[in-house]
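The sequence and structure come first.

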Amino acid sequence: MTFPENTLTSARQWDAEDPLRSFRSEFRIPQHNGSDAVYFTGNSLGLQPKAAEAALKQELEDWARFGVEGHFEAKHPWYSYHEELTDGAAKIVGARNEEVVMMNQLTSNLHFLLVSFYRPKGKRVKILTEQRPFPSDTYALASQIAFHGLDPKQHLVEVQPRKGEHILRTEDILAKINELGDELALVLIGGVQFYTGQAFALEAITAKAHEVGAIAGFDLAHAAGNMPVQLHDWNVDFACWCTYKYLNSGPGSVGGAFVHQKHLKANVPRFAGWWGHDKNTRFRMGPEFSPMPTAEGWQVSNAAVFNMAIHRVSLEQFGRAGMQRLGTKAVQLTGYAEAIIHWLNGEHKVNLEIITPMEPEQRGCQLSIFAHGMGKDLFDKLTKQGISLDWREPNVIRMAPVPMYNSFEDVFRFGEALNVSLSKK
Ligand SMILES: *Cc1c(COP(=O)(O)O)cnc(C)c1O
């Protein structure tokens with residue numbers, strides 16, 4: 001798609017032709033001076049689906065009406081609530097149903113999966129991650145290394161970008177895996193980097209990790225619901241994600257976990273709890289743990305129904321929208337935003353550098369803009385005009401035009417606000 005013109009009329013024309021256009025009206029959009037704000041922070045907290053309210057109310061009513069019997073009598077029985085989410089979640093991450101379970105939250109799932117899949121032995125002790133991962137991941141990885149009595153300073157390795165570059169080259173990631181070789185126990189990187197918006201080559205990274213005898217796991221916080229992934233076919237060992245970013249399931253909502261089929265019957269060590277026990281014999285309450293033969297075997301606790309009620313609504317929407325169509329629209333929205341930014345750079349003789357890769361397969365719907373010489377002042381000017389973005393030190397503005405509910409008109413209005421902000425410099 002090229003953008004020969006940038007007018008409100010053309011943006012509205014693209015919206016009219018957008019097969020996903022009706023989804024916007026299914027969300028509550030924050031207001032600014034009496035009209036819809038331009039909400040480009042769905043990468044931090046996705047917007048509320050209108051249907052979330054009724055879904056929550058249903059559970060409150062069933063609780064009031066049935067008490068404990070709601071475990072079996074509720075419209076969506078609480079006993080097996082998580083099972084209703086599996087099919088939709090598996091489609092989003094390209095998994096078989098038995099490989100996916102919705103449970104806990106992101107960092108807790110990361111820990112549970114590391115217990116199973118980070119098993120340092122002999123000289124094979126190192127974990128490779130990306131430069132500047134999200135701090136929670138660094139804390140989790142370092143604490144797991146220390147938990148095994150090893151030194152995180154020595155064994156947690158970050159792939160660094162080349163001098164003067166912001167993003168990582170796939171060839172450098174693969175070379176680092178090769179270099180660590182038989183000292184490498186685990187590769188654990190983000191699916192999409194939270195700061196730069198770079199989407200990593202998960203399939204190639206997985207293959208290379210396996211080639212040197214290491215495990216490959218991914219944190220899909222910024223990838224799940226943002227870009228199509230195929231965890232099963234790519235042979236990924238494990239993955240985890242949250243649902244409050246692109247998956248619109250509300251603050252702190254339930255997390256997801258993926259364990260590849262090949263590990264399901266292998267009696268992998270894990271931290272166990274009663275909900276991971278075979279459901280056919282769970283209520284015999286015997287002393288011996290006999291795990292579910294699926295990813296559900298990693299569950300420790302019973303389902304967090306109120307969180308899951310909203311996630312159920314969200315998964316239903318993703319099922320209707322489809323990851324492929326969302327991916328196509330993401331490329332169009334970010335391409336349009338990119339064209340506007342380049343044009344304004346020329347108009348105003350400024351340097352707003354997009355550090356997110358240009359290639360569609362190397363990004364989702366986030367653009368990270370390095371604001372040379374302008375900094376937070378520019379961000380504040382945009383915020384005052386009703387553009388919801390976020391600011392990351394030292395000098396990056398992140399924007400995420402989300403294909404589920406953002407429009408081409410949103411991108412146009414962002415461009416107008418940016419033009420005004422730069423004019424008043
Ligand atoms: C958002 C995010 C988290 C947050 O972790 P929670 O356990 O959900 O609070 C962790 N890691 C990454 C990469 C994230 O983007």
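This is a predicted model: local features need pLDDT of at least 70, side-chain atom pairs count only at pLDDT 80 or more; totals for chains, interfaces and linings use all residues.

An α-helix has 3.6 residues a turn, so residues three or four places apart point the same way.

After α13 comes Gly386, which has a positive phi, near 85 degrees.

## Cavities

Rolling a probe the size of a water molecule over the atoms shows where empty space is left. The structure holds three cavities of 30 Å³ or more. The volume of the largest cavity is about 50 Å³. Its lining consists of Leu352, Ile369, Leu378, Leu382, Ile397, Phe414 and Leu418. Two or more of the lining residues are given by each of the elements α13 and α14.

By class, the lining of the largest cavity has seven nonpolar residues, no polar and no charged.

The protein is divided into domain 1, made up of 8–36 + 322–423, and domain 2, which covers 56–321. Their C-alpha centres lie 29 Å apart. Across the boundary, 30 residues of domain 1 are in contact with 23 residues of domain 2.

The largest pocket has a volume of about 310 Å³. It is lined by 21 residues, of which Met227, Pro228, Pro360, Glu361 and Arg363 are the closest to its centre. Both domain 1 and domain 2 give residues to this lining, so the pocket lies between them. Helix α12 (residues 323–348) provides the largest share of the lining, six residues. The lining of the largest pocket divides into 11 nonpolar, eight polar and two charged residues.

## Backbone geometry

Most residues other than glycine have a negative phi, and most peptide bonds are trans. Which residues join through a cis peptide bond? Glu393 and Pro394 do, with omega about 5 degrees.

Asn104 is not a glycine, yet has a positive phi of about 50 degrees. This residue is found in the loop between β6 (100–103) and α5 (106–117). Asn104 is partly exposed, with a relative accessible area of 25%. Met285, also not a glycine, has a positive phi of about 55 degrees. The loop that holds Met285 runs between α10 (261–264) and α11 (305–321). With a relative accessible area of 53%, Met285 is exposed, because the cut-off for exposed is over 50%.

## Ala175 in helix α8

Ala175 is found in helix α8, residues 170–180. Is Ala175 buried, exposed or partly exposed? Its relative accessibility is 40%, so Ala175 counts as partly exposed. Ala175 and Val159 are 16 residues apart along the chain, and their C-alpha atoms are separated by 9.7 Å.

Technical notes. Residues are numbered from 1 along each chain as its sequence is written. Side-chain values use heavy atoms; hydrogens and water are left out. Helices (H or I, at least four residues) and strands (E, at least two) are DSSP runs, numbered from the N terminus. On a 1 Å grid over the protein atoms alone, a cavity is a set of points where a 1.4 Å probe fits but cannot get out, and a pocket is an open set with protein on both sides within 12 Å along at least five of seven lines; lining residues have an atom within 4 Å of a point. Grid points are joined across faces, edges and corners, and a volume is the space filled by probe spheres set on the points. Ala, Val, Leu, Ile, Met, Phe, Trp, Tyr, Cys and Pro count as nonpolar, Asp, Glu, Lys and Arg as charged, and the others, Gly among them, as polar. Domain bounds come from an automatic or database domain assignment. Contact means heavy atoms within 4.5 Å. Buried means under 20% relative accessible area, exposed over 50%, partly exposed in between (1.4 Å probe, protein chains only).
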